[in-house]
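Here are a few exercises to work through with the structure open beside you. Try each task before reading its solution.

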2 protein chains.
Amino acid sequence: MTELLYKKITEIISLTDEEFALVKSFFLPKKLRKRQYLLQEGDVCRYQAFVEKGILRSFTVDEKDGEHTLQFASEGWWMADLASFLTDEPSIFNMEALEEAEVLLIDKPSWNQAMETVPKLEHYFRILMQNHLVATQKRLMQSLAEPAEARYKRFSITYPDCVQRVPQHMIASYLGITRETLSRLRKQITLSK
Amino acid sequence: MTELLYKKITEIISLTDEEFALVKSFFLPKKLRKRQYLLQEGDVCRYQAFVEKGILRSFTVDEKDGEHTLQFASEGWWMADLASFLTDEPSIFNMEALEEAEVLLIDKPSWNQAMETVPKLEHYFRILMQNHLVATQKRLMQSLAEPAEARYKRFSITYPDCVQRVPQHMIASYLGITRETLSRLRKQITLSK
């Protein structure tokens, strides 16, 4: 179940079969049932997860039981609470599988050892962090500057996958709007088609 | 004027004098007057800037002339519109010096060449991107989840520097609140001291 990992890494760096065999050996495969948690708030995030199948979601829960979604990750994406992973401090996030999922997990010692053993990986992860940073900055600016409608339109263009596969209230919590606002926006958009 | 660059890089990787001399040679020093722009919206962001002195700010301007601040960068911080820098597409950001400033600029060919010449730099920039990503994710979650007061308090603890040196309306645009709300919050906090 590592074909997708191979594909995504070799989009950025070249790897011989021997090198990939090595890389692969640092990962731990795990299957998740629908709604199963990969991380619970208060626990340390011990792994970065690469999604081979399914969709994961990371989110926080506030004092009023309101959910705030940081990220969805479907096939080919990475997910982790990097802050907790890097500092060993308890995570503020929960991570759950929205569908039956298959992930490849790598812990911090293995991650560092993988980059020492196959130094080209340092380049791969630099590019990965960089792309992730660009996407997060974009999202932050959107949440500061764009009206809800524009944010929803952009979301459905960028993640057509998620619009179909993710429950509406989770999309609302990702966009920082209420479920009612989202349902109004969807009606408006359907009517204007 | 590269003492600070040396200090910040060698906090993460070790460099010989020869290696740092090489690294240094890829940068272009530039002085900015107060209010001078380093980047204008619509131009491609050709450089990543390392701040040796002063404070820079990156921000967008919306159709109603409202400003939205992405980042402040004081001594020892990096600033760039990475999306534009990486893709050569026009930037949506403006960058200006809030005080007289001295920056070290590196363009994309030099940046790539520096990492090829001194491969350890790949590790430095991976860590840099990673830390920046963690900070941006935190800010995004705060803007989705935290009330304005908590956001302001956190801001003044994280950036005591900026609270003193940055005009209030820019802090408001960073926090995604109006100037009036910010001034109300400041009064409340002063009264409760």
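**Exercise 1.** Which residues of chain A does the UniProt annotation "domain: Cyclic nucleotide-binding" cover?

*Solution.* Start with the ground rules: this is a predicted model, where local features need pLDDT of at least 70, side-chain atom pairs count only at pLDDT 80 or more, and totals for chains, interfaces and linings use all residues. Residues are numbered from 1 along each chain as its sequence is written, chains are lettered from A in the order in which they are written, and side-chain values use heavy atoms, with hydrogens and water left out. Now look at the record: the unreviewed UniProt entry places this domain at residues 11-115 of chain A, though such annotations may be inferred rather than shown by experiment. That span is 22% helix and 39% strand, and its end C-alpha atoms are 17 Å apart.

**Exercise 2.** Work out how chain A is superposed on chain B.

**Exercise 3.** Describe how chain A and chain B meet.

*Solution.* First, count residues in contact (heavy atoms within 4.5 Å): chain A gives 31 and chain B gives 31. Of chain A's interface residues, 100% are also interface residues in chain B, so the copies meet through the same surface.

Next, look for salt bridges (a side-chain nitrogen of Lys or Arg within 4 Å of a carboxyl oxygen of Asp or Glu). There are two between the chains. R126(A) forms a salt bridge with E122(B), with 2.7 Å between the closest N and O atoms.

Finally, see what supplies chain A's side: α5(A) gives the largest share, 17 residues. Helices here are DSSP runs of H or I with at least four residues, and strands are runs of E with at least two, numbered from the N terminus.

Methods: Copies are superposed by least squares on the C-alpha atoms of residues with pLDDT of at least 70 in both.
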